[in-house]
Amino acid sequence: MQSDESERTRRVAIDHHHEMADVFESFYAGDIARWDTAFHYGRHKVDLLLDAELKRLEPGARVLDVGCGTGEYLRRLTRLGFAASGVEPARAMREHAQRRNPDVAVLDGVVTDLPFADGSFDLVIAIEVFRYLHRADNARGHAEIMRVLAPGGAAFITYVNRYALDAFYLRQRGRQLLRRRDFDNENPHCEFTTPREVRRDLRRAGADQVEIHGRLLAPLRLVYKLHEPTGARLARAVESLDDLVCAQGWTRPFAGHLVGIARKDARRA
Ligand SMILES: C[S@@+](CC[C@H](N)C(=O)[O-])C[C@H]1O[C@@H](n2cnc3c(N)ncnc32)[C@H](O)[C@@H]1O
């Protein structure tokens, strides 16, 4: 029963993104200030954490982007001199990614069955991917990522926080109740989690060390949703304070963006 459910969730995540590929591509186009939209502001915060992780890598390190979408991160990774590879199950997304990165291998595949040998990568990133998958696929995906990581490697994964102050969880549940259905191609599944669960799940999957980061504590995404220009003004006004508060560990369960970094010991065989 659980496998039917995780299969349906997986299928919907792929179909949804296949249909949304052109819209998604447009998010990365143009010259947009980071405060202008909730998407760009959130991504900026996640990207700062990713930049710190990339700085730890040697030039030419092997980086896999799982659920690489339209290939924006592959483009950045290649430009930084890393040996990038992508996996993407939605055809239209994959076509965008391949067109933008003609020299990168962008393979058809899913996080629960990665087409690579054990220990193939120094860093694996999965940005806004696990949130679309069933809990059982999250567990399988974590195990697969840990399998393809080389000793000394790290995984950088984003999640959706169940208790974020912007009440995304309640809004999603409310929407489901109103529409009398859990999810469909238009409104795909969202897997909510907590820092504690992420830490436990990554440990179970074989991580030797886990770091959790929370970003965007103020309920800015809610304000952006109600009135984007007000969201942008508010984000700009509270940014330094919000960053400062997010640096305090106790705020993690309430942050809008959750990032888990799982490390594999260099001494592992
Ligand atoms: C919100 S998009 C993010 C794309 C890209 N990571 C980015 O941040 O630009 C989520 C991506 O995950 C992909 N995806 C969906 N189900 C997946 C699965 N089971 N395994 C790997 N990727 C999946 C989707 O097709 C989509 O391209």
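I started with the β-α-β unit: β4, helix α6 (residues 135–148) and β5 make it, and it is right-handed. By right-handed I mean that, with the strands pointing away from the viewer, the path from the first strand over the helix to the second runs clockwise. Helices are DSSP runs (H or I, at least four residues), strands likewise (E, at least two), numbered from the N terminus.

The model is predicted: local features need pLDDT of at least 70, side-chain atom pairs count only at pLDDT 80 or more, and totals for chains, interfaces and linings use all residues. Residues are numbered from 1 along each chain as its sequence is written.

Next I checked β4 (residues 121–126). I found 6 of its 6 residues buried, that is, with 20 or more other C-beta atoms, placed from the backbone, within 10 Å of their own.

Then I looked up its partners; strands pair if DSSP finds at least two bridges between them. β4 runs parallel to β5 (residues 149–161), with 5 bridges. It also runs parallel to β1 (residues 62–66), with 3 bridges. Leu 123 in β4 stands opposite Val 63, and its bridge partner in β5 is Ala 154.

Last, the ligand. I noted 21 residues around it, the closest being His 17, Gly 67, Gly 69, Ala 90 and Val 110. A residue counts as near if its C-beta atom, placed from the backbone, lies within 6 Å. Helices α1 (2–19) and α4 (72–79) each supply at least two shell residues. The largest share, 4 residues, comes from α1.

Conventions: Buried ≥ 20, exposed ≤ 12 C-beta atoms within 10 Å, placed from the backbone.
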